[in-house]
Amino acid sequence: MASPADRGRLAEQGYQVTNRAKTVALNINGRPVHAYHGDTVGSALYASGMRIFSRSFKYHRSRGLLCVSGQCANCLVTVDGIPNVRACTERVVEGMDVRQQNAWPSVEHDAMSIIDRFDRLMPVGFYYKTFHTPKAFWKLVQPIIRRMTGLGSVPDKDQPVRHIRHEYAHADVAVVGGGPAGMSAALAAAGAGAQVMLIDDQPSLGGHLRYDVASHDALPGIGKSKGYEAAGRLRAEVESSANIVVLSDASAFGLYDGNLLGIDAGNRTVKLRAKRIVVATGSIETPLTFDRNDLPGVMLTTGLQRLMHLYGVRPGSTAIVGTTGDQGYQAALDMFHAGLRVAVVADARPEFPADLEAAVELQAHGVLILPSHALTRAEGVKKAVGAVVTRLEDGQITMEERQFDGDVIAMSGGFQPASGLLHQLGAGSKYDAVLDETVPMELPAGLHSAGEVNGVHDLSAIIAQGRQTGVEAFAALGGNGSANVAQASQEVSATTTAVSPQVDMAQGAKQFVCFCEDVTARDIAKGIDEGFADVQTLKRYSTVTQGPCQGKMCHRAFAKITAGQTGRSMDETGATTSRPPMTPVSLGALAGPSHRPIKHTSMDRLHRELGARMIDSNVWHRPQMYGSPQEEAANVRQGVGIIDVSTLGKLDVRGVDAPALLDKLYTHHFSTLRPGRVRYGVICSDNGTIMDDGTVTRLADDHYFVTTSTASVETIEGWFKWWMAGTDMCAHVMDITSGLAAINVAGPLARETLAKLTDVDVSVKGFRYMRSKQGEVAGVPTTLLRIGFVGESGWELHFPAEYGEHMWNALMEAGAEFGIKPFGTEAQRILRLEKMHIITNHDTDILSNPIDAHMEWVVKLEKRDFIGRGALVAATENPGRTRLVGFVMQDGAVPHDGSPVVAGFAPIGKVTSSRLSPTIGKGFGLAWIPVDLAEEGKSIQILVDGKTHDADVTLEPVYDPDGTKLRE
Amino acid sequence: MAFLIGCPNCGERNVYEFQFGGEQVVRPKPDAATLEWTKYFYVRRNVAGDQREWWYHKLGCRKWFVALRDTTTNKVHETSWPHEALS
């Protein structure tokens, strides 16, 4: 089927991943482009004739495909509104909307490319040098710089949210990398009986063999075979193994403590914990450093091989090849077979590689091969139209130049092991001068590595090493953390040699080292001249290696230039630190879905039926109000109200040492509390600050029922247990919060209401304030506590949560004749504030102690010891500078929680709670103020909505200060 | 931070299931001098290396135990119940 996409295509081959029977239509900048199923956005656009894919970060230079493997940032586009998608790995989908970014009006004609002419005004570290003075100037230029630089733009808020699932996985052996080494390791480990997970970032297994069309002799277990055929054999074996789970299209972006792999698998993030991890991530071809090496048309040789063999895309018509090793010859031969004219192969090594089949074949076809030559300049303005090749002498560039025309400049600067994952867990590295590569060594326990990541490039050796490593990983499962077996790389002799020429700064100002951040060789040399001679500081100063590729394209050249300029060896020069993520990961993949559990009380349905407005209270949803909070509060004061207080934390504390435990943890006495009585208590941390408060009810000699504030129960449970840990205290603490529901019935008519539902004597004398009884209420076994922090006579009923709705309905029915109404947390806040009851961690903070919070009465310093005593003794002797007091406004203003207390306009304190009091009809509340003002009747000023208002300090509750109503 | 901790009750679990309780400190006697209390509140050895410390299996069995951990590598050498560790 002929299609417009075919002009840029090669003949169809079995090893291509595209299916020409299935066309896919996508839009680029609103214009339709035809592609084939299996294409990437990058291959489809390249086949359609596109060469300029993006504009660079800083200078807005035109950039085209470079690596074709998702490593570099040259092909970032916006796909369906998502910015910075790597076109070369993003597979086409029917109707996809692709837009180019970082340019105006288009990448083809970018007005901002004018910046490139003014590169002298933007020297290395220019952010640190320019626009600093005057200060106001920076405010002016900063938004302009921000708009001109950077990549892509943040999606609109109305973009559909992409949900990324988080999954957890486990394996005996995890193998990262689905190339020949990884597949061989997985097969060997699985064959021995291990459960293996194989993670590969490509759509199909095979690694670099998928685009390897060369023949290989005597491959272990395979025999003579083409690269892609060997990949197929191994792939079939992996797929038929019951012990291997393959995760394709998944990139392992981080390796964390405890052998945890972070894996980005598109719509899922997989957290894989493996007993052993084999890293077989291969190696990355690196660019050569020469003038204008960033022009579209200049590409890595492996990138060209991927374009041709995976996607059947014709790279161009004439190729100029520059290489530092054998790789350039194979790529040149592949292009020759694909019908391109190969103008020249420039090899930096002094000798013609006579035993390399590809080189011999090229020579036989009459292709010009120049040993001791290097690419020194690409020609062209927006795209490459030719290149200059210069003779080398002892690795130094001479004056002997030759110029060639060509639209494809293929470069191979050698390979760099993709060893980042290993270094994240602390592996070392060493420069191998024969390979001209920095290989990993001294792997941490639990890690193995195999194949090209170790600097092994011979396919037979890769497969052998993969197998051996798989066996070693399996063997290590049995042993107890036996020392990591020495890597097999020693027995595999280096089969390739490479040599990279010294970069000559004089060869041009546009010799790019870091393509992501637009850092040139001169920038690095200048940074070193300015004193940043260490790779770590130089990286931070020049921004080299800090772009999206995280040094994959540039670290090698960066290290070599630094070594050359400083006269140090590669090992002395070292490497920047490898950290996750290895590959760009969307924030969603890390943040994961919002997972926020919500608890509902057993009466929740009834609250909603009553039209309650709900509010978050820690993990609970609670009714804030059913109507008017002021009316709800008034109804409690005059009649009877009920509130669902099931969210209170509830602990059951038992054991012969339970009294001693509570005496130790609370500032108050609890061993002297008689069974059937209730007491308010405050828990302090050992430095005397308030942690929580609540009631403690003694149900029996060795049995207490403890309530905590809603948010604190888990903390307090842990706190109780911590003080018991390691002691011989005989007590047991259990969180029974969810097991019990609770309702507070309060108001002058609460007694009448309750009496209708229970045989328990609830008379004034029969059931006194701060007592507890057990009995049936509405037929439900209930613990009744006669307490009430709302200030009226009332009962807190605790009963099995299953009866929540039943109890609520029974109370509403029984109280109907007394005008019973439910009240929410807002009315409760008003009522308790009128009684000056604090809310811990709202009216207090982590520095507040009970002395300063005006609660000396709960602190029993006569006890020999309790948690916080030492600090509270000191706090009594040296009180803090502020105290928590009540206040009543003199005028009609009602401050907010958090309103400042001021002297003039200087803040001297703060309001923690404030409401309109239904009792006195004025604003009132609690505030922390300086000690000298904390006296009854003193006057303070509170800033409310920008104006100061006078208030009187009060140390007594505004409602029923003597507490007579509570006892009625 | 993704290391594993062996809870003496539940076995090896992700560190995120646990609450850190700080290095082991000895609480002064009730009548100790203020300086001794102050040291106990605020001064920690902050060891770079092996440290005995408290951990609470908050999202598990809700029990406290003691771990010997290398603070520089997060390697947990051993864990034990408090009465074993303290004896």
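This is a predicted model: local features need pLDDT of at least 70, side-chain atom pairs count only at pLDDT 80 or more; totals for chains, interfaces and linings use all residues.
**Chain A as a whole**

Let's start with the big picture. Chain A carries 24 helices and 49 strands. Its radius of gyration is 38 Å, well over the 30 Å that the globule rule gives for 968 residues, so chain A is more spread out than a compact globule. Buried residues account for 52% of the 968 residues in chain A. Now take the contacts in chain A between residues at least 6 apart in sequence: 66% of these join residues at least 24 apart.

Two packed pairs are worth a look side by side.

| Helix pair | Crossing angle | Axis distance |
|---|---|---|
| H17(A) (629-638) and H22(A) (825-834) | about 55° | 8 Å |
| H4(A) (180-192) and H5(A) (227-239) | roughly 30° | within 10 Å |

How do H4(A) and H5(A) lie, roughly parallel or oblique to each other? Angles under 35 degrees count as roughly parallel, and this pair crosses at roughly 30°, so H4(A) and H5(A) are roughly parallel to each other. The crossing of H4(A) past H5(A) is left-handed. On the H4(A) side, Pro180(A), Met183(A), Ser184(A), Ala186(A) and Leu187(A) take part, and they meet Ala230(A), Leu234(A), Arg235(A), Glu237(A) and Val238(A) of H5(A). Sorted by class, the residues of this contact are seven nonpolar, one polar and two charged.

H17(A) and H22(A), with their angle of about 55°, are oblique to each other. H17(A) passes H22(A) in a right-handed crossing. Here Pro629(A), Glu632(A), Ala633(A) and Val636(A) of H17(A) meet Glu826(A), Ala827(A), Ile830(A) and Leu831(A) of H22(A). The residues of this contact comprise six nonpolar, no polar and two charged.

**Where chain B comes in**

Buried residues in H23(A) are Arg869(A), Gly870(A), Ala871(A), Leu872(A) and Ala875(A). What covers them includes strand E35 (678-684) of chain A together with H1 of chain B.

Finally, a few spots to check in the backbone of chain A. Pro580(A) and Pro581(A) are joined by a cis peptide bond, with omega about 0°. Pro581(A) sits in the loop between helix H14 (570-573) and helix H15 (587-591).

Asn259(A) has a positive phi, near 55°, despite being a residue other than glycine. You'll find Asn259(A) in the loop between strand E13 (251-256) and strand E14 (260-265). Asn618(A) also has phi near 55°, and Asn618(A) lies in the loop between strand E31 (613-617) and strand E32 (620-625).

Asn618(A) has 14 C-beta neighbours inside 10 Å and counts as partly exposed.

Terms used: Residues are numbered from 1 along each chain as its sequence is written. Chains are lettered from A and ligands numbered from 1 in the order in which they are written. Helices (H or I, at least four residues) and strands (E, at least two) are DSSP runs, numbered from the N terminus. A residue is buried if 20 or more other C-beta atoms lie within 10 Å of its own, exposed if 12 or fewer, and partly exposed in between; C-beta atoms are placed from the backbone. The radius of gyration is taken over C-alpha atoms; the globule rule is 2.2 Å times the number of residues to the power 0.38. Two residues are in contact if their C-beta atoms, placed from the backbone, lie within 7 Å. Axes are lines fitted to C-alpha atoms, for helices over the stretch in contact, and angles run from 0 to 180 degrees between N-to-C directions. Angles under 35 degrees count as roughly parallel, over 145 as roughly antiparallel, 65 to 115 as roughly perpendicular and the rest as oblique. A crossing is left-handed if the near helix is turned anticlockwise from the far one by less than a right angle, and right-handed if clockwise. Ala, Val, Leu, Ile, Met, Phe, Trp, Tyr, Cys and Pro count as nonpolar, Asp, Glu, Lys and Arg as charged, and the others, Gly among them, as polar.
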